Amino acid sequence: GGGGGGAAGSTPPSPAIPDEFLDPITTSLMMDPVVLPDSGITVDRSTVERQLTISGTDPFSRTELTLEMLKPDDELRERIRTFMAERGASPRRR
């Protein structure tokens, strides 16, 4: 195996974001996590909204899905906000 020495001028590594905070489709940090009712998978609301404009289905189970069917994952959202606050970053608000 090779070593992981960084090249000069590379950006310093940031603390790892827990996988559970990342959208499984976009791999970006979720700001508004919601649970898909059929597959039970948590994704960011913006990802689901984009998916619904394309197909109107759950991206994992392919069953019919509407925005009204989404369940906010408030507990996960608070953990993400706490994590971001501890890192000194504030989640963007709309």
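Which residues of α1 are buried? In this predicted model, they are Thr47, Val48, Gln51 and Leu52.

## Overall layout

The chain holds 2 helices and 3 strands. Read from the N terminus, its elements follow the order β-β-α-β-α. Of its 94 residues, 28% count as buried.

Taking the contacts between residues at least 6 apart in sequence, 43% join residues at least 24 apart.

## The sheet

Let's turn to the strands. The 3 strands make an open sheet with the order β2-β1-β3, and their pairing is antiparallel. Because β2 (42-44) and β3 each have a single partner strand, they stand at the edges, and one side of each is left without a neighbour in the sheet.

Strand β1 (residues 33-35) and β3 run antiparallel and are joined by 2 bridges. Here Val35 has Lys71 of β3 standing opposite.

## How the helices meet the sheet

Helix α1 lies across β1, β2 and β3, and runs at about 85 degrees to β2. Helix α2, for its part, packs on the sheet and touches β1, β2 and β3, with a direction that makes about 160 degrees with that of β1.

Now back to the opening question. The buried residues of α1 are Thr47, Val48, Gln51 and Leu52. Why do they fall on the same side of α1? They cover an arc of only 135 degrees around the axis, which puts them on the same side of the helix. Among what covers the buried residues of α1 are β1 and β2. After α1 comes Gly56, with a positive phi near 75 degrees.

Leaving out residues up to four places away in sequence, Asp44 touches Asp23, Met30, Met31, Asp32, Pro33 and Val34.

Thr42 also has its place in β2. Is Thr42 buried or exposed? With 19% relative accessibility, Thr42 counts as buried, since the limit is under 20%. The side chains of Thr42 and Asp73 make a polar contact at 3.5 Å. Beyond the neighbours within four places in sequence, the contacts of Thr42 include Pro24, Met30, Pro33, Val34, Val35, Asp73 and Leu76.

How many aromatic pairs does a search of the whole structure find? The search finds 1. The ring centres of Phe21 and Phe83 are 5.4 Å apart and their planes stand at 70 degrees, so the pair is edge-to-face. This pair links distant parts of the chain, with Phe21 in the segment before β1 and Phe83 in helix α2, 62 residues apart. Phe21 and Phe83 are both buried.

Met84 is another residue of helix α2 (residues 74-86). Met84 counts as buried, because its relative accessibility is 10%. The C-alpha atom of Met84 is separated by 9.4 Å from that of Ile17, 67 residues away along the chain.

## An exposed arginine in a loop

Our last stop is Arg62, found in the loop between α1 (45-54) and β3 (71-72). Arg62 is exposed because its relative accessible area is 56%, which is over the 50% limit.

A polar atom of the Arg62 side chain lies 3.5 Å from the backbone oxygen of Pro59. Setting aside neighbours within four places in sequence, Arg62 is in contact with Gln51 and Thr57. Gln51 is one of the buried residues of α1. The C-alpha atoms of Arg62 and Asp38 are separated by 9.0 Å, and these residues are 24 apart along the chain.

Note on methods
Residues are numbered from 1 along each chain as its sequence is written. This is a predicted model: local features need pLDDT of at least 70, side-chain atom pairs count only at pLDDT 80 or more; totals for chains, interfaces and linings use all residues. Side-chain values use heavy atoms; hydrogens and water are left out. Helices (H or I, at least four residues) and strands (E, at least two) are DSSP runs, numbered from the N terminus. Buried means under 20% relative accessible area, exposed over 50%, partly exposed in between (1.4 Å probe, protein chains only). Contact means heavy atoms within 4.5 Å. A polar contact is a pair of N or O atoms within 3.5 Å; within protein, one must be able to donate a hydrogen and the other to accept it, and residues adjacent in sequence count only if both atoms are side-chain atoms. Two strands pair if DSSP finds at least two bridges between them. Axes are lines fitted to C-alpha atoms, for helices over the stretch in contact, and angles run from 0 to 180 degrees between N-to-C directions. Rings of Phe, Tyr and Trp (its six-membered ring) pair if their centres lie within 6.5 Å; planes under 30 degrees apart count as stacked, over 60 as edge-to-face and the rest as tilted. The arc is that of the directions from the helix axis to the C-beta atoms.
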